[in-house]
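Colleague: Please take me closely through the sheet architecture of this model, with the cut-offs behind each term.

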Amino acid sequence: MSCILHIETSTDVCSVAVSLDGACIFEEEDHSGPNHSVQSGVFIDHALTYIDQHLHTLDAVAVSCGPGSYTGLRIGVSTAKGICYGRDAKLIAIPTLELLCVPVLLGEKVKEEDALLCPMIDARRMEVYAQLFDRSLKEVRPIQADIVDAETYKAFLDERPVYFFGNGAAKCMDTINHPNAHLIEGIEPLARWMFPLAERRFFQEKFEDVAYFVPFYLKDFVAKMPKKLL
């Protein structure tokens, strides 16, 4: 049996959920804007109260680890680590781009067997963080910071359909302009979509070191720093 608290704060949406053996037993979401500093604490307090009142033992905390909003990720990850310390729970990191694929696959929005999934997180101008997966969530191309033009995904689009989604996708479609490019609207990274990914990592014992774990933005930043500054 696994009881997992899920925290998702990588975009403007703030959401918290609790799963018990993969089934949702608690969920709260705020779509009104980047209110993570206020709403995440309230939602998490409600979730932990619910867990305690129903006499469940918190086994793990799953948190989105980016890419995404610097402030949102910082709040989500630091809170998750604090709960893990206080409750002696395991920490599970869920990549935001992989998370975005879950509602697409569960909603059966992609029919072609050979299609690729391209979740996108908005960066700025025509820049996005993007990754490519097949329908089994096997990585086809790793996360990159893409400056999107007509050639960025052409090699993949010339071979098969590619479905673009996430908060960086809509602005790119006119630029990509390919008959194999398809936009799926309304896909957001939410805590309730974390369940299958978190459950799999829990039973694989794929946990993070609570003391040293940092989300994507920090690792990316440190990797680019001049060695003399490290």
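Modeller: In this predicted model, five strands make up an open sheet with mixed pairing, in the order 3-2-1-4-5 (strands are DSSP runs of E of at least two residues, and helices runs of H or I of at least four, numbered from the N terminus; two strands pair if DSSP finds at least two bridges between them). Strand 3 (23-30) and strand 5 (90-94) are at the edges with a single partner strand each, so one side of each has no neighbour in the sheet. On average, neighbouring strands here are turned by 15° against each other, direction ignored (axes are lines fitted to C-alpha atoms, for helices over the stretch in contact, and angles between N-to-C directions run from 0 to 180 degrees).

Local features need pLDDT of at least 70, side-chain atom pairs count only at pLDDT 80 or more, and totals for chains, interfaces and linings use all residues. Residues are numbered from 1 along each chain as its sequence is written, and side-chain values use heavy atoms, without hydrogens and water.

Within this sheet, strand 1 (residues 3-8) runs parallel to strand 4 (residues 60-64), and 4 bridges join them; I7 has V63 of strand 4 as its bridge partner.

Strand 6 (residues 116-124) and strand 7 (residues 127-133) run antiparallel and are joined by 5 bridges; M120 has A130 of strand 7 as its bridge partner.
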